[in-house]
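Here is a colleague's note for someone meeting this structure for the first time. Please keep the sequence and the model open beside the text while reading.

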Amino acid sequence: MTGDPARFPLSWTRVVAIMVKEVIQMRRDRLTFAMMIGVPLLQLMLFGYAINSDPKALPTLVNIQDNGPFARALVSALGNSSYFRVEGEVASMAEAEHRLANGDAQFVVTIPAGFEKALVRGERPALLVEADATDPASASNAVAALTVLIRTALDPALTGPLAGLKSGPDPIDLRVHRRYNPEGISQYNIVPGLMGVILTMTMVMMTALAVTRERERGTMESLLAMPVRPSEVMVGKILPYIVMGYVQVVVILAAARWLFGVPGVGSLSLLTITLLLFIAANLAVGFTFSTVAKNQLQALQMSFFFFLPSILLSGFMFPFRGMPGWAQWVGEIFPLTHFLRVVRGILLKGNGLAEIWPELWPIAAFLAACALVALRRYRMTLD
Amino acid sequence: MNPPLAIDVEGLEKRFDGRCVVRDFSIQVPKGRIFGFLGPNGSGKTTTIRMLCGLLTPDAGTGRCLGFDIRHQAAAIKRRVGYMTQRFSLYEDLTIAENLDFVAHVYGLDRRRARVDEALEQLGLGQRRRQLAGTLSGGWKQRLALATCVLHQPELLLLDEPTAGVDPKARRDFWDHIHALAQGGMTVLVSTHYMDEAERCHEICYLAYGRLLVRGTVPEVTAGSGLVTWLVSGDGADALARTLHNRPGIAMAVPFGSALHVSGTDAAALEAAIAPWRHAPGLTWSRTEPSLEDVFIHLMDSAEDNFQ
């Protein structure tokens, strides 16, 4: 095996010696070891079970102004299809508008007054479907299924004198309004979402590294021997990154406006305030990681471990409503999930504080929990 | 009348994961003195220093540092203490001037720019102020670290092995600086492994296994050890070390170049033990004072017997 090193430049003894050392080091760094096992498992779980790009059972509201047998047949056909889940009725267009804006419903189906009569006369009455098309992908399959669905719902009822309607053009004039994004441009959905993704990635990583670096290089000891409080260190370290975060936001917003033509109908000042909360939540995560991580590599690994489910379960890459219940439940924890709804709501739907409020307090709760852990752990590292 | 005390602690104790690192540590250091902290690696020197400046909370014991309670007034102590850590702990990616300015800023000093300029001038680094601290050589790093520690004119300076790995000339300059500071009224507590540095302290103490074993001036410590030492010189004296080692009556036999120090605590037993070699050809025997190193190694050996 060994032989003359000049004749066998690759010595197995030396290779094995280095290999053994490497395995020992790998086993000793528990976090890296856990990541190597954990990341594939996490990806398997998320991609295998949670992610589905063809969402079913989308929440649908109906606005029934004509309660005839045809109308009832239509509503029950909607309920029977796998794409729609009828969650109730709305009394007015105003209510429908509001429920679409705050994300309660993906579709509102309106059956206008005189629907039945017009149908019987062969006048092709309008059936109005309003879809929340901020994420065009999540609504398109359901919309495509509508035409077939209407046919199968009505055909059994079209008998006797009405049988003639079967052969002609559709007995109903189906009008689908793709709200907030009528042309179904996916950039409208992705670019604002990207703001949340970029902020999550940089804010968590930067803070985690900033504090861990201090410990790894030994400068923490000097710093703690000086008359500074832990909270002063925390705030002083975080503030520059908040400013950095806003710089990123300005860049993304400018690109959204002038490169991608994203509408931007809502209030920029409301967005600015929400951003502060979201950025703070991510910084708190980073700070918490930094109090746990022993070195910068571990801090990076933890950031990645947070980032991966954030991006996959938040509804950024794949429709949130396509995921099974447990994945949605987990997704609700991440600030990114809520921020995506806020930023898309403000920029595309023109939402105000009332509509986005249900998304703000989960971010605030997350921030509070993280800050609590970070401050407690940070104090303890003195001893 | 007793001089005012800079450090006055009683019964300090610190445990890490149930392991006692410092136990029952009491010491009084008068103001304006240079106090040397000696002891083997892991004897609790760094931990004690960290407790004194409020970086660590003692598990037991009480005390005052510069008149402030070490448990409850850490903030007040930190403002008046300069602590130079064992490892170079300034920001390597900041320049020399930026490091000084940062520290001045944290302490909230007035006339920041002027103070930084003065410090740079004193260091002789005025021309290199824009150089990154990380690119300095070991000796310069240590001088810069000292300069940042005294920037806020502390009353007490804690130096944790400040001269490890620094060349003799730089060490001498460093100690001259320390003496100048002490003459200005600053109290200095310095831990070191170098015997020549110990001899430059007004007073020293020796720690082993977390306990204070002795304290006093260098002559006091040497005399108090009760060690009797013979110096053997001549051809092959150093080779005798192995032969004499562990003989009854001989505590240690340490070669110094071609000479040998043979020490024991009992003068008569020692003489009996060395008798067979006293008149060996080529060897000269003479009584000598034990060196500080002899004393400390002896202290460490006996401490091992007592505590381990």
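The numbered points below take up the contact between the chains, then the pocket, and then the cavities.

1. Please bear in mind throughout that this is a predicted model. The values quoted here were computed from that model, and side-chain atom pairs were counted only where pLDDT is 80 or more.

2. On the side of chain B, the residues to look at are B:L55, B:K78 and B:Y91, which supply 30% of the area that chain B buries against chain A, more than any other three residues.

3. Between chain B and chain A there are 8 residue pairs in polar contact, both residues being at pLDDT 80 or more, and the count of salt bridges between these chains is 2.

4. Which side chains meet in salt bridges across the contact? B:R50 pairs with A:E221, at 2.8 Å from N to O, and A:R217 pairs with B:D93, at 3.3 Å from N to O. In the pair that involves A:R217, both partners sit in loops: A:R217 lies in the loop between α8 (186-216) and α9 of chain A, while B:D93 lies in the loop between β6 (81-84) and α3 of chain B. Over all chains, the count comes to 31 salt bridges.

5. The largest pocket holds about 600 Å³ of space. Its lining is made up of 30 residues, and those that lie nearest its centre are A:G103, A:D132, A:F320, A:R321 and A:R341. Two helices of chain A, α14 (335-349) and α15 (353-380), each supply at least two residues of this lining, and α14(A) gives the most, with 7 residues. By class, the lining of the largest pocket divides into 8 nonpolar, 12 polar and 10 charged residues.

6. The structure also holds 2 cavities of 30 Å³ or more, and the largest cavity has a volume of about 50 Å³. Lining the largest cavity are A:L74, A:V75, A:L78, A:V109, A:I111, A:L127, A:L146, A:L149 and A:I150, and the elements that give two or more residues to this lining are α3 (69-80), β3 (107-111) and α6 (136-154) of chain A. The lining of the largest cavity has 9 nonpolar residues, with no polar and no charged residues.

7. Which residues line the second largest cavity? Chain A is represented by A:T219, A:S222 and A:M226, and chain B by B:S89, B:L90, B:Y91, B:N99, B:F102 and B:V103. The volume of the second largest cavity is about 30 Å³. At least two lining residues come from α9 (219-225) of chain A and at least two from α3 of chain B, with α3(B) giving the largest share, 3 residues. This lining divides into 5 nonpolar and 4 polar residues, with no charged residues. B:Y91, listed here in the lining, is also one of the three residues named above for their share of the area that chain B buries against chain A.

Methods: Residues numbered from 1 in each chain as written. Chains lettered and ligands numbered in written order. Predicted model: local features only at pLDDT ≥ 70, side-chain atom pairs only at ≥ 80, totals over all residues. Heavy atoms only, no water. Buried area = accessible area lost by both parts, 1.4 Å probe. Salt bridge = Lys/Arg side-chain N within 4 Å of Asp/Glu carboxyl O. Polar contact = N/O pair within 3.5 Å; in protein donor to acceptor, adjacent residues only side chain to side chain. 1 Å grid on protein atoms, 1.4 Å probe; cavity = no way out; pocket = protein on both sides within 12 Å on 5 of 7 lines; lining within 4 Å. Points joined across faces, edges and corners; volume = space filled by probe spheres on them. Helix = DSSP H or I, 4+ residues; strand = E, 2+ residues; numbered from the N terminus. Nonpolar A, V, L, I, M, F, W, Y, C, P; charged D, E, K, R; others polar.
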